[in-house]
Amino acid sequence: IEAFNDRERVIKLKPEFLSFPKGFWWGSAWSAEQAEGRGNTGKGRTQWDMSWDAHPNRFYQGVNTDVTTDFFNRYVEDIRLMKQTGHNSFRLSISWARMFPSGDGDVSAEAVTFYRAMLSEMVAQGIKPFANLYHFDMSEEMMKQGGWENRAVVDAYVNFCDTCFREFGDLVFHRFTFNEPLGPVLGGYMEDFHYPNVIDFKRGVQVGFNTLLASALAIKAFKQHQTSHKNRNSKIGIILNLSPTYPRSENLLDVEAAEYADLFYNRSFLDPSVKGTFPVKLVETLRLHDLMPSYSEQDLCDIRENTVQILGLNYYEPRRVKARTHAVNPRSPFMPEWYFESYVMPGRKFNPHRGWEIYEQGIYDLCIDIRDNYGNIESFISESGMGVANEERFMCDGQVQDDYRIGFIQNHLAYLHQAITDGCNIRGYHLWTFIDCWSWINAYKNRYGLVSLDLDTQQRTIKKSGEFYQALSRDNGFRF
Ligand code: BG6
């Protein structure tokens, strides 16, 4: 039973040249808060500044977001590096707090100028900009008003999105309403690693609902602009972190536990985003425990009528679960886990720095799920990556020799290639990340980039994986 896993299919991957579809998007991703630095447009403080002020020691080596990778000042040089590492597309996020320092009110003209200049440079270099509108960063004022718990914040966010559609619509290729909307729920209301650091699942459910509503209302606003858009293929979507979920065994209790985990962590955002409806079993379970959010019929109608046109899939690790063997405290606010326990499968590979299981077949299973259960909607891998601590250990002649990252990318791409061969509508692969960037409470502990960053000098150096990525993009494939 320990080794049994009924959803795994062993795919025989052939060692051959794996060619990807013409026009495949090769690129990487990062976010404003993690890479831009403060800059000089009068950017408002965000919840990360609030968290750092309150508990600087919670951040690895006490490093905050004042400087990060300093993309604000170095974007011309960095976009050249994108070219050198084979990017034909790149996902960044637009900082709401830079555009509207207090979240609402007048847009910052300096911020508009900065983003237009940066996006124009990217376009001029032949790199398609993918712009995300929320990547875990909100202004202090909006946070103090209750953040995503407050419906008025949803309206302010939609106004910010509408402004971005108007100001940057001619430069952006695809845009996304949210990156990993599950993140603020988990981090802020369940696991104590994001502001407001409370443990209250009911409030978390309201946050989840309000972000889905905000996404739908932003899509509704975008459709007004889309009709006049010169590139009719330019779409709006959402980026979800999805973990294919596997039961420990075929025992019905384990299988049921896996269904609940899948429901709470995957389908809760996937169904409303792509189908416009919530899974019935999820609603029944929330109702049973008096955890339903407040909403109106109009909200449900907006969610139903404004589904995504493209889907970004962030895949890092699978989720393995088993039926509960320990009694649950019925007053525990951590409700989803009343229904399952996490399970570490023996004999698996793990990334020791991040603690995540490396399971390449998960990327295949995820794509097949989207093909079979979500209308094979146009998708791409919007994040996949490997964070490693103390990468200077692998430095040789001034370059990080990250063969482990090259192997990680190749193995995932082999399964992705198989998914495409099997009919999945996958249009690209974006690595997390481009240049080593700041990572929430882990700050610069784990490095993920194709390009290394010297924190003292801000010097950038292409890693061995960056050279590999350039060849991968040039050849539109690789020999596996
Ligand atoms: C993704 C996020 O979930 O994982 C990124 O979208 C994040 O913002 C990345 O940086 C890697 O995770 P971490 O916590 O190691 O930085």
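The following paragraphs go through the confidence of this predicted model, then its barrel, its other strands, a helix pair and the ligand site.

Residues are numbered from 1 along each chain, as its sequence is written. Because the model is predicted, local features need a pLDDT of at least 70 and side-chain atom pairs count only at pLDDT 80 or more, whereas totals for chains, interfaces and linings use all residues. The pLDDT, which is the predictor's confidence in each residue on a scale from 0 to 100, averages 94 over the protein, and 95% of the residues score at least 70. For the complex the predictor gives an ipTM of 0.98 together with a pTM of 0.96. Residues 1–7 stay under 50 in pLDDT, and the model has 8 contacts for them beyond four places in sequence, a contact being a pair of residues whose C-beta atoms, placed from the backbone, lie within 7 Å.

Helices (H or I, at least four residues) and strands (E, at least two) are DSSP runs numbered from the N terminus, and two strands pair if DSSP finds at least two bridges between them. In this sense 8 strands close into a barrel with parallel pairing, in the order β2-β3-β4-β5-β6-β8-β13-β17. The twist from one strand to the next averages 30 degrees, where axes are lines fitted to C-alpha atoms, for helices over the stretch in contact, and angles run from 0 to 180 degrees between N-to-C directions. Strand β13 (residues 379–383) runs parallel to strand β17 (residues 426–431) and is joined to β17 by 2 bridges, with Ile-381 standing opposite Tyr-429 in β17.

Another set of pairings involves strand β9 (residues 319–322), which pairs with strand β7 (residues 245–247) in the parallel sense over 3 bridges; here Arg-319 in β9 is the bridge partner of Thr-245. With strand β10 (residues 341–342), β9 pairs in the antiparallel sense over 2 bridges, and Val-321 stands opposite Ser-342 in β10.

Among the helices, α14 (residues 403–421) and α15 (residues 464–475) have axes that come within 8 Å and cross at roughly 35 degrees. Asp-403, Arg-405 and Ile-406 of α14 make the contact with Lys-464, Ser-465 and Phe-468 of α15.

Finally, the ligand is surrounded by 13 residues, the closest being Asn-179, Glu-180, Gly-387, Ser-439 and Asn-446, where a residue is near a molecule or strand if its C-beta atom, placed from the backbone, lies within 6 Å of it. By class, this shell has 2 nonpolar, 8 polar and 3 charged residues, with Ala, Val, Leu, Ile, Met, Phe, Trp, Tyr, Cys and Pro counted as nonpolar, Asp, Glu, Lys and Arg as charged, and the others, Gly among them, as polar.

Note on methods. Contact = placed C-beta atoms within 7 Å.
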